[in-house]
Amino acid sequence: MKRYVIIVAGGKGLRMGGDLPKQFIPMAGKPILMHTVEKFWRWDNQMNIILVLPTDHQAYWKMLCKEIGCKAPHRIVNGGETRFHSVQNGLNAIREEIEASGEKALIAVHDGVRPFVSPEVIAACFAKAEETGAVVPALPMIDSLRMKQADGSSCPVDRSRYYAVHTPQVFASDILIRAYQQPYTDTFTDDASVVEAAGFQVAMVLSNRENIKITTPFDLTVARALFQE
Ligand SMILES: Nc1ccn([C@@H]2O[C@H](COP(=O)(O)OP(=O)(O)OP(=O)(O)O)[C@@H](O)[C@H]2O)c(=O)n1
Ligand SMILES: C[C@](O)(CO)[C@H](O)COP(=O)(O)O
């Protein structure tokens with residue numbers, strides 16, 4: 001089955017701060033995003049990689065690829081106003097070719113700022129999606145959890161019922177394309193929530209602990225430490 005990955009990197013990185021969006025911050029000699037892109041390419045060098053980038057950083061990215069020598073061939077698509085719109089732009093770029101081929105395809109959506117996804121998790125997500133059509137990787141909670149109540153007090157909740165959601169989230173192409181035709185709402189925090197709102201069930205597989213989303217300066221410190229291992 002043909003495989004695609006839409007790597008979303010069209011955001012501004014406001015929680016990270018600084019002038020350079022976090023996906024371009026250097027880590028071990030390459031921008032974070034290049035590590036992510038090459039992770040998928042190393043797993044499957046036939047993978048169709050679609051990279052969603054802010055329009056005003058595309059020339060900069062191309063220059064980085066040339067200077068550093070990005071190994072993974074990829075297509076570039078314009079970022080949207082939210083992550084949802086960036087994924088939608090990525091899908092619009094591949095929809096016609098998938099439909100015209102008449103072949104079934106699987107599409108992964110992955111955050112450009114999750115460079116530590118393991119090859120085993122990528123493999124597990126694609127394998128489960130081939131079987132079920134829709135997959136989200138997640139991790140059981142490690143901390144104890146409390147829930148805030150309306151009166152300001154808090155109470156313990158059963159953490160065994162909660163999971164932290166990661167990417168790559170992988171779907172049969174017809175399911176993902178149909179789901180992303182829905183109008184945007186702010187309850188769409190990831191691709192699984194979009195697919196479920198369209199009436200499909202989503203299976204869960206275990207993610208790897210290091211598959212953090214680099215969101216804040218603290219995450220960047222953790223990421224740099226992980227890279228030195
Ligand atoms: N309009 C947007 C917003 C986000 N993303 C991407 O979605 C991923 C996860 O989003 P997040 O970590 O929230 O990134 P930012 O939106 O850049 O961060 P912030 O919310 O702190 O501004 C990132 O790789 C980000 O570049 C995107 O492609 N297009
Ligand atoms: C898709 C996601 O990475 C799942 O954890 C996440 O929801 C995207 O961004 P957020 O703005 O940090 O929720």
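Reader: How do the residues of the shell around ligand 1 divide by class?
Author: Keep in mind that this is a predicted model. The shell around ligand 1 has 5 nonpolar, 10 polar and 6 charged residues.

Reader: Which residues come nearest to ligand 1?
Author: Gly10, Gly11, Leu14, Arg15 and Ser86. They belong to a group of 21 residues around ligand 1.

Reader: And ligand 2, which residues are around that?
Author: Arg83, Asp111, Val165, His166, Thr167, Thr189, Asp190, Lys213 and Thr215. By class, that shell has 4 charged, 4 polar and 1 nonpolar.

Reader: New topic. How many residues are in helix H4?
Author: H4 has 14 residues, 119–132. From first C-alpha to last, H4 reaches 20 Å, close to the 20 Å expected at 1.5 Å a residue.

Reader: Which residues in H4 are buried?
Author: Val121, Ile122, Cys125, Phe126 and Ala129. They cover an arc of only 130 degrees around the axis, so they sit on the same side of H4.

Reader: Why would residues a few places apart point the same way?
Author: An α-helix has 3.6 residues a turn, so those three or four places apart point the same way.

Reader: What covers the buried residues of H4?
Author: The cover includes helix H1 (32–43) and several strands, among them E1 (2–8), E6 (105–111) and E7 (134–140). Strands E11 (169–172) and E12 (203–206) are also included.

Reader: Which exposed residues are on the face turned away?
Author: Glu120 and Glu131.

Reader: What follows H4?
Author: Gly133, with a positive phi near 95 degrees.

Definitions and conventions: Residues are numbered from 1 along each chain as its sequence is written. Chains are lettered from A and ligands numbered from 1 in the order in which they are written. This is a predicted model: local features need pLDDT of at least 70, side-chain atom pairs count only at pLDDT 80 or more; totals for chains, interfaces and linings use all residues. A residue is near a molecule or strand if its C-beta atom, placed from the backbone, lies within 6 Å of it. Ala, Val, Leu, Ile, Met, Phe, Trp, Tyr, Cys and Pro count as nonpolar, Asp, Glu, Lys and Arg as charged, and the others, Gly among them, as polar. Helices (H or I, at least four residues) and strands (E, at least two) are DSSP runs, numbered from the N terminus. The expected span of a helix is 1.5 Å times one less than its number of residues. A residue is buried if 20 or more other C-beta atoms lie within 10 Å of its own, exposed if 12 or fewer, and partly exposed in between; C-beta atoms are placed from the backbone. The arc is that of the directions from the helix axis to the C-beta atoms. Two residues are in contact if their C-beta atoms, placed from the backbone, lie within 7 Å.
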